[in-house]
Amino acid sequence: MRLGLNMGYWGAGNDAANLELAKEADRLGYSVAWVAEAYGSDGPTILSWVAAQTERIDVGSAIMQIPARTPTVTAMTAATLDSLSGGRFRLGLGVSGPQVSEGWYGVKFDKPLGRTREYVEIVRSALRRERVSHQGKHFVLPLPDGPGKPLKLTVHPVREEIPVYLASIGPKNLELTGEIADGWLAIFYSPEHGRESLELIAKGRSKAGKTLDGFDVVPTVSLVVDDDWRAAADLVRPYAALYVGGMGSREQNFYNNLACRMGYEAEAAECQDLYLARDYAGAAAKVPLGFLDSTSLLGPKARIAEKMQALAESGVTTLTVSPILQDLERSKAALRVAADALDLAGVGS
C-alpha cells in the first residue's frame, strides 16, 4: 500500500500551506498528490502549479468534472499535464452532482453511467492519437452534416497510457469503474463496508476480462494525529456533515445514501435535516462517532498503524490522507506520522 495526499479545494486561503504539504509529501516519498474542483478553482491549473514545484510525486485530479469539459478538451488537458510533469499525471474523473452539473455547467444530469462510458472511450481514443470519431447517445464527433472531420491530437503524450480513475459511490457506478477504469477514487471508505464495493468493482473487471490485479483502490481518509482519538474525530465532524448533510439536495445526496448503506440511516437523516436548516454545528454533532472512526485515521501513531493494516487487508492499494488543517507545521507533522505508521504497520510498498 502506498500513501497519497489529498489537498482538497483551493482558494480558501490555505493555498500556500497546501503547496508546502505537497512538497513535504514529495520529500517523504508519497505516491501522489490529488486536487479537487467544484465551482471555484479549477483542478488542472493547480496541478500544473504543484507539478512545477515538486520532483517525484504524481499529481492527480480528484476529480476533473465530466460536465465541465468536452472529452476531447479533457484529453488535451491530460496530455499537456502529463508532458509538463514529466509523466506524473493521473486523470481522475467524476460526474459531479445534479446541482453543480445543471446549476453551474448547464449540463443535464441524466444517464450518468452511459455518459461516463462514452466520455472515457473518447478520452482514451484521443490520447492514443487516433482520429476521433464517435457516434453515441451522448457524444457525437464529428457533428453530422457539417464541415467537421475526425481530428487527431497534435501533441504526443509522454506516456502511451495515462491512468484513468473514476470517483464512484453507487453500485452500478462501481461496477462501471471496474470495467473501464484503472483505479477507483473512494470517499468515506471503511474496511468493514469497502469489501462490498470491491466485489462490485471486481464484477466490472471480470466483464472486461480482468482481475483486481493492478487496479488501484484509492480512498481518501481524513487524518488527525492526537493522543485522544475521540477529540480528533470532532475535528472531522464539519467536513463529514458537509457531505452527508449538505452535498446535493434532500432527494439526491450520494454521500447520505452511502452513510445509510453503512447502517447510519437515522443519523444521516438527522444530519441532513439540520444541515439544510443551516444548523451546521447541530448537523456536525449528529455525525456518528463510529462513522467518523471507520472512515478516518484518528489518534496516535500506533492506532493509525492498526487502521492502516485493516485498510490494506481490505484491498486498498493507495491510501490518500487528507490532514485536517489546523496549522501548517502540525499538518506536515501529521504527514510524517502517517509515513512512520505505514512502516510500523508493515504494509507499505
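The model is predicted. Two helix pairs are described, α7 with α13, which are roughly parallel, and α3 with α5, which are oblique to each other. The whole structure contains zero disulfides. Cis peptide bonds join Ala62 to Ile63 and Leu141 to Pro142, while positive phi values occur at Ser96 and Asp145.

**Packing of α7 with α13**

- Helix α7 spans residues 191-207 and helix α13 spans residues 301-314; their axes lie 9 Å apart at an angle of about 15 degrees.
- Because this angle falls under 35 degrees, α7 counts as roughly parallel to α13.
- The crossing of α7 over α13 is right-handed.
- On the α7 side the contact is formed by Pro191, Arg195 and Leu198, and on the α13 side by Ala310, Leu311, Glu313 and Ser314.
- Sorted by class, the residues in this contact of α7 with α13 are four nonpolar, one polar and two charged.

**Packing of α3 with α5**

- Helix α3 covers residues 71-84, and helix α5 covers residues 112-127.
- The axes of α3 and α5 are 8 Å apart, and the two helices pack at an angle of about 45 degrees.
- The two helices are therefore classed as oblique to each other.
- α3 passes α5 in a crossing that is right-handed.
- From α3, the residues Pro71, Thr72, Thr74, Ala75, Ala78 and Ala79 meet Tyr119, Ile122, Val123, Ala126 and Leu127 of α5.
- The contact of α3 with α5 comprises nine nonpolar and two polar residues, with no charged residues.

- Gly4 belongs to strand β1, which runs over residues 2-6.
- With a relative accessible area of 0%, Gly4 is buried.
- Beyond residues up to four places away in sequence, Gly4 touches Tyr30, Val32, Thr318, Leu319, Thr320 and Val321.
- Gly4 and Arg88 are separated by 84 residues in sequence, and their C-alpha atoms are 13 Å apart in space.
- Glu24 is part of helix α1, residues 15-28.
- Although Glu24 has a charged side chain by class, its relative accessibility is 8% and it counts as buried.
- Once neighbours within four places in sequence are set aside, Glu24 is in contact with Lys332, Leu335 and Arg336.
- Pro112 is located in helix α5 and is partly exposed, its relative accessible area being 31%.
- The C-alpha atoms of Pro112 and Ile66 are 9.6 Å apart, while the two residues are 46 apart in sequence.

**Cysteines**

- Cys260 is partly exposed at 24% relative accessibility, whereas Cys271 is buried, with a relative accessible area of 1%.

**Backbone features**

- Most peptide bonds are trans, and most residues other than glycine have a negative phi.
- The peptide bond from Ala62 to Ile63 is cis, and its omega is near 10 degrees.
- Ile63 is situated in the loop that connects β3 (58-61) and β4 (64-65).
- A cis peptide bond also leads from Leu141 to Pro142, with omega near -15 degrees.
- Pro142 sits in the loop between β7 (140-141) and β8 (164-167).
- Asp145 is likewise placed in the loop between β7 and β8.
- Asp145, a residue other than glycine, has a positive phi near 60 degrees.
- At 86% relative accessibility, Asp145 counts as exposed.
- Ser96 is not a glycine, yet it has a positive phi of about 65 degrees.
- The loop between β5 (89-94) and α4 (98-103) contains Ser96, which is partly exposed at 21% relative accessibility.

Terms used. Residues numbered from 1 in each chain as written. Predicted model: local features only at pLDDT ≥ 70, side-chain atom pairs only at ≥ 80, totals over all residues. Heavy atoms only, no water. Helix = DSSP H or I, 4+ residues; strand = E, 2+ residues; numbered from the N terminus. Buried < 20%, exposed > 50% of the residue type's maximum accessible area, 1.4 Å probe, protein only. Contact = heavy atoms within 4.5 Å. Axes fitted to C-alpha atoms, helices over the stretch in contact; angles between N-to-C directions. Parallel < 35°, antiparallel > 145°, perpendicular 65-115°, else oblique. Left-handed = near helix turned anticlockwise from the far one by under 90°. Disulfide = S-S within 2.5 Å.
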